Amino acid sequence: MAESDVALKKFQSEVRQWMQENVPADPGFLLPLSFLEVGTEQQLDFLRAWQHKVWQAGYLGMHWPSEFGGQGADPAYQAIVDRELQRVNAPILFNTIGLNWVGPLLLDIGSKESQAKYVKGILSGDEIWCQGFSEPDHGSDLGSVQTRAVRDGDEFVINGSKIWTTLGNFADHMILLARTNTETERKYDGLSFFLAPMKIAGVDAHPIRKVTGEYGFNQVFFTDARIPAATLMREEGQGWSVAMKTLEYERGVSAGQASAHWMVSIQIDDMVDQLRGYQRDGEALLNDPIVRDDTVKLIMEAKASALARSRMRIGPLTSDYPMGLPLSSKYRWTEYARRMKLFTAAMQGGHSALYVGDEDAYQGGFWQRAYFSNFGATIGGGTTEVQANIIAEHVLGLPK
Amino acid sequence: MTSVLGDLSIALTEEQGMLLDVARGFVADKAPIDAVRAQLETASGFDASVWQEMVELGWTGIALPESVGGSAMGVGSVVPVVESLGAGLLGTPLINTTLAGQLLLRAGGASVEPWLQRITEGEIATVALLDSGDWGATNTALDLTADGVLNGRKLMVGDATVADIFVVVCQQDGQPALAVVERSALSDGAVKANTLIDLTKRSGNVDFSGVTAVFSCCGDTVVSALRDFHLLGAMLVAAEAAGSAARCLDGIVDYLKTRKQFGKLIGSYQALKHPTVDIYCGMEDARSFVYHAATHVTDDSLSLDAELACRMAKAQASDVMSYAGDRSVQFHGGIGFTWDCDSTLFIRRAQWTAQAFGDPAHHRKHLGRLLLSD
């Protein structure tokens, strides 16, 4: 259903008006750069209230069904909201694992009961979700997870440990990939997928401090934690396919996410604005031809990624590798972003050495922190190296 | 506040989609690698009957007005054809002839229609531009007298040995000028073929001394037309390189899928896999820039968005072609080092492509001027 430009234009000005009146002022404490860095109760309360406000205004999950808290609208409307949120640098919509991975997954392949039970709480921010895939010994190799789920009547008993669990210490629910069968021929066939409760006995989340100095990750320990068998998604042994479907939403290969506003937007223009103000050898940094060349290379990378999104819509220009552009977008974009932030920090001369907390740091140490923080993107959701394998094998057809 | 990214649109018209289809089919049919190799050491570098078929398909008139028999689809519509030729490593005079037509059209107005008509009908045209290897030079020593007589020489004139019509970049009283020279006006020894690194390409040094031009023009329209010509040249060479890089990637992938060492297909080694992925991504980026440029070039003086697009296309396409050709030789191992391996053709294409219409650093330098000046 194509929406008329007039209706969208009108909607955009309505959203702009709302943003002007409702985007909160700087709270006076450090806000996370993305949903991966929500570390304190203070941050959580602030972000939860903000998400609730956006949802109540009807601006979150607009294209989700109205019976589950959405608006049943065309996705073009949510895209407008997301653009406006980015434009005014609004605080992020933090419940990302629910909003962008679990919600679309449930709406896609979840039971009617699970949709009714969970989806609305995801949008309102009342129920926070985390993801229990990676384990201490099994990060990128997801098929080998060892956390055990043993059926006992109408419950499963969970033992084991998950790691890099974003929001794990605050979450109400976890999408949990656990091993229900250790005897299967293929390791994948022994996995099951649960919509597991977190606030129960036997579940302990331990926050992990990051290279940025902030928190957000957890290691979660399960010790004879008992979860209802009804939280099993699909059948026992079908967990791998559900997990793969989840990753399609996580990696943006499939559409349906409630909002794209899950991180502080750091654009190439922000970099260029900064570089214009820096000095080297007593003159403007950008007079240096080598710095200019490196800067242009980064601009081209940013533009190429944006152009890829335009080209994705044109059949005859994508037929050689139909899934190539979407499957390579994380690989190219996250690596570009890492280098762009590193470059900006590295061009600050002595100020490169100052970090968040130092009053002389440029922009409060924003770029140094952003560079470190970006490793969440190049490692999380499958490292850059695993992404390269995925592209090699699934796009180019190279052998495993 | 406008973004340094500028416009981000890519559009493909239905006609352009059809041209892409037809050109890909044509190249698959006419340019199997044996046919390409059969031309490597011929004087012209192409099969005249294949060229004639391209003329009959209307490809020499794609971007020329209907008044001269063209189809007026705009020079962006030449992109899918040239990209396809690049994929086949099919050396023909289409790029040079198209660019000569564009330069004449943009500088000469109605008075150049007789030559445009002949170009549409399949006569080969080329632009004599370079005094030296400096693609960024803004002046020329080649002089045009008030009587229309040229004095001086040009380097690396594309398809010089077969061209019927030369559009010569010259100067008259210090003003940039263009002169049209007929092949018949050149003496026998005037054209000296170059030994080019790319065996599918042809060019030559041409001495125009004492030759009388059949048409000339100068002034602001020439300056503007020359700027557009440089950018369109960059775009078309980039389109060709994007096609060549895609085909080079195909060759690498095929080899990685079939060659075994230490009991394993070599494509299973990440040391080969990951650079191959970077070639793939770089090739996709080149295609995006090339079709973005094709979206923005018009018959009018090129816009800033068009200029950014053409320059980025050239910088990206040459860089990925250089990387692809280089890695293709390396990944094929000992066989890759041999004349008979097609990697030879690709690495040579890469070296030619890198310099044509300015190397990547040249274009990034100008992008810096356009994007980063105060």
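I began with helix α4 of chain A and looked up its cover: what lies over its buried residues includes α5 (112-124), β1 (129-132), β4 (173-179) and α6 (239-250) of chain A. The model is predicted, so I kept to the limits set for it: local features need pLDDT of at least 70, side-chain atom pairs count only at pLDDT 80 or more, and totals for chains, interfaces and linings use all residues. Residues are numbered from 1 along each chain as its sequence is written, and chains are lettered from A and ligands numbered from 1 in the order in which they are written.

Terms for the above: helices (H or I, at least four residues) and strands (E, at least two) are DSSP runs, numbered from the N terminus. Contact requires C-beta atoms, placed from the backbone, within 7 Å. A residue is buried if 20 or more other C-beta atoms lie within 10 Å of its own, exposed if 12 or fewer, and partly exposed in between.

**Helix α4(A)**

I counted 11 of the 14 residues of α4(A) as buried, among them Trp101(A), Val102(A) and Pro104(A).

**Strands of chain A**

I looked up the partners of β7 (217-228); strands pair if DSSP finds at least two bridges between them. Strand β3 (155-163) runs antiparallel to β7(A) with eight bridges, and Glu155(A) stands opposite Pro228(A). Strand β6 (203-208) is also antiparallel to β7(A), over six bridges, with Val203(A) facing Phe222(A).

**Cores**

A nonpolar core is a set of buried Ala, Val, Leu, Ile, Met, Phe, Trp, Tyr and Cys residues joined through C-beta atoms within 7 Å. The largest has 149 residues, and Val168(B) is one of those touching the most other members. Helix α7 (220-258) of chain B gives the most to this core, 21 residues. A second, separate core of 74 residues includes Leu105(A) and Phe193(A).

**Interface**

I found 38 residues of chain B in contact with 36 of chain A. On the chain B side, α8(B) supplies the largest share, 14 residues. This side divides into 20 nonpolar, 12 polar and six charged residues (Ala, Val, Leu, Ile, Met, Phe, Trp, Tyr, Cys and Pro count as nonpolar, Asp, Glu, Lys and Arg as charged, the others, Gly among them, as polar).

Note on methods. Contact = placed C-beta atoms within 7 Å.
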